[in-house]
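Try each task before you read its solution.

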Amino acid sequence: MAQKTNKKIVSKAPREFSVGALPSREAILQAMAENPSLDGKRDLARHFGIHGDMRTPFKVMLKEMEGEGFIARTRKQIRRTAALPAVTVLDIPADADPDDLYAFPAQWNDEEGARPRVTVHQPKNARVVPAPGDRILARIDPGEGELPNYTARAMKILDKPRRGQIGIVRLDEDGARLLPVDRKQKEMRIDGADLGDARDGDLVEVEVKFAGRLMIPKARVTNVIGNPRSEGAISLIAIHNLEIPYRFPASVTKEAEDAKGGDLKGREDWRHIPLVTIDPVDAKDHDDAVYAEPDVDPGNAGGHIVYVAIADVAAYVRPGTALDREAYIRGNSVYFPDRVVPMLPERISNDLCSLREGENRPSLAVRMVFDQHGKKRSHSFHRVLFRSAAKLNYQQAQAAIDGKPDDKTGPILDTILRPLWAAYGAMAKARDARGPLDLDLPERKIILDKAGMVVDVKVPERLDAHRLIEEMMIAANVAAAETLEKHRSALLYRVHDVPSQEKLVALRDFLSSLALPAPKSDAVRPSDFNRILDKARTDGKIQQVSEIILRTQAQAEYAAENYGHFGLNLDRYAHFTSPIRRYADLIVHRALITALNLGKDGLTDSEIAKLPGIAQHISSTERRAMLAERETIDRLLAQFLAAHINARFEGRISGVTRSGLFVRLKDTGADGFIPASTLGTDYYRYVEEMQAMVGDRTGETFRIGDDVQVRLLEAAPLAGALRFELLSEGARGVPSSGRRGRKGSSASRGKARPSPKTPRKKR
């Protein structure tokens, strides 16, 4: 019987290869593809006849090929790296040059060697335009040679998944545990050896491992983020959970500190125009100023001239600079109750570009002429130097108009404030005639103490001073869009699509269940919704209808193509008035500078080509900011209410799902959940067209907008979650058993249970 041998059979070098000379990279890869047994340096050297002095340069070549990602080595074995598939997901580094993009595979096995670098092509007029920091789905071209020379064309910009799980460390007698900050995650143990440098109360990032035969999940700390209490901000959780950049790189900070006062040459001098800023009491930056005066033109009797001056951020933040790149990555400022994460460093936002009282400031301004009915007759943009005549807050300005001026507003009441209100009065007439969507939903303001804890929640009074500034900013934004369209300039629109047909069908079903009229056509306008709201207000059903109409609306976003703004009932609209806190406005400023030949710091050809990608990116950062703010408010309110377990509260049903009811408390606006399994004494079914849970036997109904009384059973501050017990009885209606088989009626996850010990409040 022949003995087995472990000796490899190594093929000889191809005839066309010259023995004794270094082979090309292509020849090495081809040989490895044709002969899988060539998996070591010695095998390859023997195959190509490498010996003597050629061995060292041959080893160097193999090392270079490994570094370049063509081959991979594990222990003593060498193999070709895996080829990228024809379509794959790529990550573009945040510090990549916007004009010379490259990317790496988002998923890569390190055993395959170094991740291959992929050049991202950006053809003109491409529908998908990626940018630094983006994750893309791309079509891959390896090139024609044996050595892959990967290039990619973006097919879609993808949302990046959240980073690894994060939580708060709590030390105990048995070691430590991880308290989750996501309400969908569960608490886990942390072994002492897996704590690293984490201390009690630290916010940490962890990886999950499984221990024992039962595969019990445990956490291992991989990164200590910080301590929310020591940093004084519960918002730190949302910042890290959603990967919001909140520390400026040194290069960005240095660029901001080195910024000068801006180029003032060639600007119009508007220092004789007494523009004023009107902002919230606690505003730290002031990026818009207004002034109005009667139009003395005999052809425009009763008309007004309105001036809106906006901080000239484009004079300091130039395309391609570190400041610009960081502003793009952030997309916008993020406003939390306990802190602000600014888009630009304070040197820019709170100093050079803040329109301080009595200080010269460069500005991009618009002069608008309105007739007595508030219809705009003309407008023009100007790059100016001006000086704010006064810094006012909303309450202060309103008090002066209401007959209670103070030392600052008294001297300017007749010369500045009354003309502003007169112009607003005319503009309000035009707004009412235009008929924007009139959803008057109150916004709550959380009041914190010095330790960052909630002490009160208020609903600020909605003043005419707020509406005045809002209407003048809208007019300036419209003027910017009109000017850029007139000059056939590329721009970023602020768009808001019409409601989808699917949502309109659901709205009709809901309104029908309330015996309210619904729009019959899919070609709806805001005025159609306003009529529904007026009728609902008359019938005492405004809460239910407001919630549903709000949910019917599409989400506003940025786009390089225009499809109008449904909510404002405007054909064209662009954000121009807040370049300190929104990158979209900075792009519009640059576009105006280029279109009107107002300087050399306008929109570049490179930026124009990337506008679709910029629009997608800043729309996503805006959504991220809204989510972060909402998560932080939920955590702060849950922390505030944790001291009130078993207390009763008045609330309103804000959402209905198969799994239960969402309730919003009237005093604080805090949201909590009532599981369907804890409802009443019946078996409840979710009836979609009613947005309600309806009892199988009794017909007891809980629907969106209903006022209810609840008891707080549980508060999870870190997750921002509240759980309530329902104390109120529902209205009596048609039992859900009589609805079976009808559209929208489906069994909930609830089931019958005994009545609660505490009698429920009668309606």
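**Exercises: rings and their partners**

Y291 is buried, at 10% relative accessible area (buried means under 20%, exposed over 50%, partly exposed in between; 1.4 Å probe, protein chains only). The model is predicted: local features need pLDDT of at least 70, side-chain atom pairs need 80 or more, and totals for chains, interfaces and linings use all residues. Residues are numbered from 1 along each chain as its sequence is written, and side-chain values use heavy atoms, without hydrogens or water.

**Exercise 1.** Classify the ring pair of Y291 and Y307.

*Solution.* 
- Step 1: Recall the rule. Rings of Phe, Tyr and Trp (its six-membered ring) pair if their centres lie within 6.5 Å; planes under 30 degrees apart are stacked, over 60 edge-to-face, the rest tilted.
- Step 2: Apply the rule. The centres are 5.9 Å apart and the planes stand at 35 degrees, so the pair is tilted.
- Step 3: Locate the rings. Y291 is in strand β15 (residues 288-294) and Y307 in strand β16 (residues 304-311). Strands (E, at least two residues) and helices (H or I, at least four) are DSSP runs, numbered from the N terminus.
- Step 4: Y307 is buried, at 7%.
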